[in-house]
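Hello,

Here is the structure you were going to look at. My notes are below it.

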Amino acid sequence: MDSVIEDLRVRKILDSRGNPTVEVDVVTWNGFGRAAAPSGASTGSREVVSFPEGGVDKVITEIEDLISAELIGMDAEDLADIDLVLKEIDGTDNLSAIGGNTSVAVSMAVAKAAAASYNLPLYRFLGGNLKNEIPYPLGNMMNGGAHAGINAPDIQEFLVVPVTASNITEAVFANSSVHKRLKELIQLKDSSFTGGKGDEGGWVPNISNIDALEIQAQACEEVGDELGVEIKPSLDIAASEMWNQNEQKYVYAQDNISRDTGDQIEFVKEIIETYGMFYVEDPFDEADFEGFAQLTAACGNKCLICGDDIFVTNKEILAKGIEKKAANAIIIKPNQIGSLTDTYETVRLAKENNVTPVVSHRSGETTDETIAHLAVAFSAPLIKTGALGGERIAKLNELIRIEEELSNPQMANLFK
Ligand SMILES: O=C(O)[C@@H](CO)OP(=O)(O)O
Ligand SMILES: [Mg+2]
């Protein structure tokens, strides 16, 4: 009774890029849940469709009523049933009728309302009372590619992970210290740097990819030594954005270099070895399972090779990746697949096959903090959610609060 849905509202709100997105409120007999959907700029082509034709306004004017009519009276606890009903209302196989963003925001708001109905935080409602692992934050330091303007590096995200931080507070402040140090190091390389930032709060320098890699490594080392924490560099290359299908080459516009697949494998291998990369996401185009598999075979014992655009949080595509040994990590973005149930199934398949799940934000975000709870509930060892910026710290600060609530909190085991 406590969690029967009594009301559901959808509103149009701003995301961090100034674009419209949806926020959903769910009211139960004894609880309330609110969730908002993010959106990507470097999206995988097989993600579900974010919004129906007509965009957010159509969701507000028409789709809200359709969903309310079905969900009011259902029990919010029955998450899988509710996600199924959302798919039925939609009726397509890519959620293009109601929008994957609508669906995921409803799915998450329902879960939060169910949790609140029993006075439980979401991570505990979903993950159980014994959860005590906090994910390490992959902090975004410099932005390039689709998350930045012209003259930025082509590599989309220069990230860091404080792999020996003993708690989440130490971890997030280590990341913010690296972010500060990088500003100084960029100024030394680029005298015209005015402190501009990209979509995810990382600096946008006008320097080459190699210069950016150099100062990323330098900042990790210097700040790591000062703080007594080992900080490892990581990347999201987002190579689909650089892939030129006609030329069959990765175009590094900033460096005026194009690389074919063989060159790209060598280049990424060299970067992993030279800089001791802890994690490299999307080193190849989303269709190139072969390239992924070759790199994973060569470097998977020392580096997480993570698939984002290639897998799009989709269980079936991940199954193909597992069969081909394409990667040893997967990005988990609920709005790529459209519901919590499907998100969870992908996480479960990943874990059963020793593929590390990395719960992630999108480049267009809101202050919604749900993914912090999901990372804890799923025991994901890593969360990628920026380092600074209101919509990024919403998740990081929530992790600090969650850690405080746990009776025996521990940082996740990154090296199993
Ligand atoms: O590529 C990515 O991993 C994400 C988030 O960092 O970017 P977007 O949301 O633009 O897909
Ligand atoms: Mg990515």
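The notes cover the domains, the ligand and the core, in that order.

Please keep in mind that this is a predicted model.

Domains. The chain splits into domain 1 (4–119) and domain 2 (133–411). Taken over C-alpha atoms, their centres are 27 Å apart. Contacts between the two involve 31 residues of domain 1 and 30 residues of domain 2. On the domain 1 side, strand S3 (32–36), helix H2 (79–90) and H3 each contribute at least two residues. H3 gives the largest share of that side, seven residues. By class, the domain 1 side that touches domain 2 has 14 nonpolar, twelve polar and five charged residues.

Ligand. Ligand 1 has 14 residues around it, and the closest are Gly40, Ala41, Ser42, Arg362 and Ser363. The shell is made up of three nonpolar, six polar and five charged residues. Both domain 1 and domain 2 give residues to this shell, so ligand 1 lies between them.

Core. The largest nonpolar core holds 127 residues. Those touching the most other members are Ala105, Val110, Tyr279, Val280, Ile305, Cys306 and Ile330. Helix H3 (residues 100–117) provides the largest share of this core, eleven residues. Domain 1 and domain 2 both contribute residues to the core, so it too lies between them. As for Tyr279, apart from its neighbours within four places in sequence, its contacts are Leu138, Val161, Ser234, Cys303, Leu304, Cys306 and Ala329.

Regards

Notes:
Residues are numbered from 1 along each chain as its sequence is written. Chains are lettered from A and ligands numbered from 1 in the order in which they are written. This is a predicted model: local features need pLDDT of at least 70, side-chain atom pairs count only at pLDDT 80 or more; totals for chains, interfaces and linings use all residues. A nonpolar core is a set of buried Ala, Val, Leu, Ile, Met, Phe, Trp, Tyr and Cys residues joined through C-beta atoms within 7 Å. A residue is buried if 20 or more other C-beta atoms lie within 10 Å of its own, exposed if 12 or fewer, and partly exposed in between; C-beta atoms are placed from the backbone. Helices (H or I, at least four residues) and strands (E, at least two) are DSSP runs, numbered from the N terminus. Domain bounds come from an automatic or database domain assignment. Two residues are in contact if their C-beta atoms, placed from the backbone, lie within 7 Å. A residue is near a molecule or strand if its C-beta atom, placed from the backbone, lies within 6 Å of it. Ala, Val, Leu, Ile, Met, Phe, Trp, Tyr, Cys and Pro count as nonpolar, Asp, Glu, Lys and Arg as charged, and the others, Gly among them, as polar.
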